[in-house]
Amino acid sequence: MKLPRPVALRLTAGIGALALAGAAAMTLSTSEASAAVTGSATGYATQNGGTTGGAGGATVRATTGTQIHAALCNRASADTPITIEVEGTINHGNTTKVSGDSCNTAAGVIELKQISNVTLVGVGNGAVFDQLGIHIRESSNIIIQNVTVQNVKKSGSPTSNGGDAIGMESDVRNVWVDHTNLLASGGESEGYDGLFDMKDNTQYVTLSYSTLRNSGRGGLIGSSETELSNGYITFHHNLYENIDSRAPLLRGGTAHMYNNYYVSLNESGINSRAGAKAKVDNNYFKNSKDVLGTFYTTAAGSWQVSGNTFDNVTWSAAESDYKPAGPNPVSNTTVSIPYAYKLDAASCVPGVVGETAGANKGMKVSDGSCSTQTPTPTPTPTDPTPTPTQPSGTNLSLGGDTDGSSKADGTSYGNVRDGSMTTYWSPSGTTGSVSVKWGTATSVSKANIREAAGATGRVKAWRLLNGDTGAVLTSGTGAGVASFPATSLKKLTLEITGASATPQVAELETYAQ
């Protein structure tokens, strides 16, 4: 009986340097990172109604995990579309739980739970989720693009997401993960688990143009030989490098692997078992061992192979629970693919994947003919809600006082109630709060958020709170007039939860009607 050996990853000097990709991503120029979702979903993510993420909804900027959670929680409902542009390092220190009716978040992980129609996209100088995993549960229509997720552990300290870089479970549908870097620094004995795991009825997922490196386990589809509800997964134009096994492990269901570049699969590669079907087209396998077969089980899977290149691949002798497909892999099933796709010749795959795969590399893709191209970014959607007309009556803020959470040098809380559009308040970062308050209870039903000239459009997401009770009166995107049921209060707070740059709020006007 052959058992997987303890992980002992081969970290060559070149691969060790690649482990610094997260740090390098933080020094790229703005032009080297996508400003919006680029291209559209491919593979099985195009089926079952397609995968569009937050298209058609608001766009907000986040630089912490807490801000990502707040953006989810500030939506009108759990399925309100939203695109969250992420920049900077997201880690345990800046990721806390946020509560709301449109979210179900947790500290120490990016929690995409019981939600739909969401895009997370890295922008600016890059987005790095450091020791912090992304967890998708009971959710649908999710896009993750142009981000790095690194060194997520299930044991040791800190831990996150069961040790998975990206993990999906429990009735997940339609996820597209594109142009990402997923990496660890060891195997299970070092505290790491999978880089890309799917289980408990996860279907219609595509992983494209991504790198998976330096891990004992690349990923799995199905958590046991009896958990066979997952499938319809596409892997294309990805780099798997220095992975011990599970590239991926497929239990039941159907998966399509094409135009991937596999380098240094140290123990085994694509592990089709428990009735699974793998269609394996035009991939390039190099310096690897047992890259396709049924491993560590007697519950066999199957495969359809064509056009693959095996460059310095070694094959073990078959045993009862370990059956490599080589040394001359042949098909033992047929798989029908429902979507259109173009195949690069296997000989081109190392060059095409080297030029396209990973975050902060220009978002290039293959043209299907061994060359690369840059697709047009999807336009950032605008809020279709018409701006209400200017409120009538007296601006109540003029007779009030102010305070807030923070203020940038040279700005003042009082500037939001001085009646002047030439002075303004700014938080010390891109988010913060400012309040207008009165000595006696005052009835308010409208507020007008007005940005200073030259800074319009910076405010992306906000909430208005009853400063007496903390209750949310209303929330929205973009500056302008906001209406809510007339409320008697002594303090009204504007909380900015998302901005494209440091906001400059010239006036926070309040009105009785």
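Student: In which strand does S302 lie?

Tutor: S302 lies in strand β24, which covers residues 302-306; helices (H or I, at least four residues) and strands (E, at least two) are DSSP runs, numbered from the N terminus. Please keep in mind that this is a predicted model, in which local features need pLDDT of at least 70 and side-chain atom pairs count only at pLDDT 80 or more, while totals for chains, interfaces and linings use all residues. Residues are numbered from 1 along each chain as its sequence is written, and side-chain values use heavy atoms, with hydrogens and water left out.

Student: Why is S302 called buried?

Tutor: The relative accessible area of S302 is 13%, and buried means under 20%, exposed over 50% and partly exposed in between, with a 1.4 Å probe and protein chains only; S302 is therefore buried, because 13% falls under 20%.

Student: Which residues does S302 touch?

Tutor: Leaving aside residues up to four places away in sequence, S302 touches S272, A276, K277, A278, N332 and T333, where contact means heavy atoms within 4.5 Å.

Student: What makes the pair E225 and R251 a salt bridge?

Tutor: A salt bridge is a side-chain nitrogen of Lys or Arg within 4 Å of a carboxyl oxygen of Asp or Glu, and for the side chains of E225 and R251 the N to O distance is 2.9 Å, so the pair meets the definition. This pair links distant parts of the chain, 26 residues apart, with E225 in the loop between β14 (220-221) and β15 (231-236) and R251 in strand β17 (residues 249-251).

Student: Is each of these two partners buried or partly exposed?

Tutor: E225 has 26% relative accessibility and counts as partly exposed, whereas R251 has 9% and counts as buried.

Student: How many salt bridges does the structure hold?

Tutor: The structure holds 17 salt bridges, and K154, E188, D193 and R217 are linked in a network of them.

Student: Why is helix α3 called largely enclosed?

Tutor: Helix α3 (residues 65-73) is largely enclosed by the rest of the structure because 8 of its 9 residues are buried. Those buried residues are G65, Q67, I68, H69, A70, A71, L72 and C73, and what covers them includes β1 (58-62), β2 (82-90), β3 (110-113), β4 (116-130) and β33 (480-499).

Student: How do you know that the radius of gyration agrees with that of a compact globule?

Tutor: The radius of gyration is taken over C-alpha atoms, and the globule rule is 2.2 Å times the number of residues to the power 0.38. With 513 residues, a compact globule would have a value near 24 Å, and the protein chain has 25 Å, so the two agree. The C-alpha trace spans about 85 × 40 × 40 Å along its principal axes, the protein chain has 4 helices and 34 strands, and 58% of its 513 residues count as buried.
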